[in-house]
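Thanks for coming. Please have the sequence and the 3D view open.

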Amino acid sequence: MTPRVLITGATGFLGRHLLQALHAQHTPAAALVRRASAWGSEPWHGEVGKVQLIEGEPLATESWRSSAALGGVRSIVHAAGMVRHTRSAPEEMLDFNVRGTLNMVQLAAQLGARLVFVSSSGTVGCFRSPDIRAEEDAPYAEALSGRWPYYASKIRAEREAKALAERLGVQLSIVRPPVLLGPGDHRRRSTGYVQKVLDGKVPVVPSGGMHFTDVRDVARALARLSEIDAPRPVYHLPGTASTLREFFAMVTEVSGAPVVERPLPRWAALGLAQIANLGGKLHPALPDPVVLEMATCFWGLTSLFAHELGYQPRPGRQTLCDTVNWLRANPSASHGTTARRRRSAVVQHVSPGV
Ligand SMILES: NC(=O)c1ccc[n+]([C@@H]2O[C@H](COP(=O)([O-])OP(=O)(O)OC[C@H]3O[C@@H](n4cnc5c(N)ncnc54)[C@H](OP(=O)(O)O)[C@@H]3O)[C@@H](O)[C@H]2O)c1
């Protein structure tokens, strides 16, 4: 069948779930992948139905933008993105996240398709206090999250994509999810923190917050968005917001992992980050200074429109249970031993509402 939706980032955590969601709603999809020959060895490729593969990269569209497979594409979901929470060598990420998105606007104009751009809640929903929530029309959080290269790249990508889409007459929808958790993060880029708690490798509890949602619910909302009439320019997909202390406690509760207790006050986190930013060496168990700074902030998000996408995130504990179960059942090479030891402790699903 001729693909109606083109996905970038199809080999990532969100991308694989998005392909599954499109398959479930019978929407034929094409996927832009760096190496088509590697597709068959993706452990999940059998779960996403028949996908038309297009080999290429968002930064080099000349080689693939005339592909016959794009003929029936009515929506592009641009989920490819680089996520690095550090100030070291940000150029590649900035270039990929901004220019890659602008190229997708150009492609959408060429195909007469709409573009759905997967951005991040942190472009607007980052605060020093836990009580504030950003709605879809909130201003960019440049003074806070704009200091960190990843969010700066997403803010710039959003702004420039919007301006270009207006100029070229492309229908653009920007989607801002918080941290994605759930099963199937085969590269462990998104669920790394949960894994660290399971491994007892979180030495301190910073003073800030966490906001996460379920990758499967986001994928379903994106699949819906790719097909509805008259989509809105921005959608927030909020999930479960808490302090980091509460988040670690939830992971501990659903997994039986050791409790993380030692608090790291805001002044101490910022002091350590400052030392590292000035070239000082931190204890190896401590994360990058950007992560320390981020861990003093709160991530407030709310939505006026997410219900129009049928978005109703499942309870956070359910997502955490499924994340923990999946991580334990699928140990990465470096976690094999720990996981084998703990496999017997696979947790029970928590019923919705618990
Ligand atoms: N995960 C989260 O918590 C979260 C939260 C909010 C927003 N987001 C956004 O959601 C999107 C998907 O995130 P994810 O968690 O699925 O990320 P992921 O698992 O790291 O997957 C990233 C995808 O982008 C592709 N990609 C990365 N760098 C590339 C490059 N230089 N050239 C070509 N392709 C490249 C990867 O291709 P390869 O497989 O070939 O590397 C992969 O398909 C991203 O835009 C991210 O910013 C994620």
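This is a predicted model: local features need pLDDT of at least 70, side-chain atom pairs count only at pLDDT 80 or more; totals for chains, interfaces and linings use all residues.

Which residues does Leu 222 touch, not counting residues up to four places away in sequence? The answer is Leu 14, Leu 18, Val 116, Val 118 and Val 175.

Next, the aromatic rings. A pair of such rings is described by the distance of the centres and the angle of the planes. How many aromatic pairs does the structure hold? There are 7. Take Phe 247 and Phe 248: their ring centres are 5.9 Å apart and their planes stand at 55°, so this pair is tilted. The cut-off for edge-to-face is over 60 degrees, and for stacked it is under 30. Phe 247 has a relative accessibility of 1%, so it counts as buried. Phe 248 is buried as well, because its relative accessible area is 4%, and the limit for buried is under 20%. Elsewhere, Trp 148, Tyr 150, Tyr 151 and Trp 299 are linked into a cluster by ring pairs.

Now the loop between α5 and β10 (234–236), where you will find Pro 231. Is Pro 231 buried or exposed? Its relative accessible area is 12%, so Pro 231 is buried. Leaving aside neighbours within four places in sequence, Pro 231 is in contact with Arg 114, Gln 171, Ser 173 and Leu 225. Its C-alpha atom is separated by 9.2 Å from that of Leu 309, which is 78 residues apart from it along the chain. Ala 230 lies in that loop between α5 and β10 too. Ala 230, however, is exposed, because its relative accessible area is 64%. Ala 230 is not a glycine, yet it has a positive phi of about 45°.

Ala 89 is another non-glycine residue with a positive phi, in this case about 40°. You will find Ala 89 in the loop between β4 (75–78) and α2 (91–111). With a relative accessible area of 52%, Ala 89 is exposed, since the limit for exposed is over 50%.

One more proline: Pro 331 sits in the loop between α9 (316–329) and α10 (336–342). Pro 331 counts as partly exposed, because its relative accessibility is 28%. Along the chain, Pro 331 and Gln 195 are 136 residues apart, while their C-alpha atoms are separated by 9.9 Å.

Last, the second largest pocket, which holds about 240 Å³ of space. Its lining has 14 residues, and Met 1, Thr 27, Pro 28, Ala 29 and Lys 50 lie nearest the centre. By class, 8 of the lining residues are nonpolar, 5 are polar and 1 is charged. Which elements each supply at least two residues of this lining? They are α1 (13–24) and β3 (51–55). The largest share, 3 residues, comes from α1.

Terms used: Residues are numbered from 1 along each chain as its sequence is written. Side-chain values use heavy atoms; hydrogens and water are left out. On a 1 Å grid over the protein atoms alone, a cavity is a set of points where a 1.4 Å probe fits but cannot get out, and a pocket is an open set with protein on both sides within 12 Å along at least five of seven lines; lining residues have an atom within 4 Å of a point. Grid points are joined across faces, edges and corners, and a volume is the space filled by probe spheres set on the points. Helices (H or I, at least four residues) and strands (E, at least two) are DSSP runs, numbered from the N terminus. Ala, Val, Leu, Ile, Met, Phe, Trp, Tyr, Cys and Pro count as nonpolar, Asp, Glu, Lys and Arg as charged, and the others, Gly among them, as polar. Contact means heavy atoms within 4.5 Å. Rings of Phe, Tyr and Trp (its six-membered ring) pair if their centres lie within 6.5 Å; planes under 30 degrees apart count as stacked, over 60 as edge-to-face and the rest as tilted. Buried means under 20% relative accessible area, exposed over 50%, partly exposed in between (1.4 Å probe, protein chains only).
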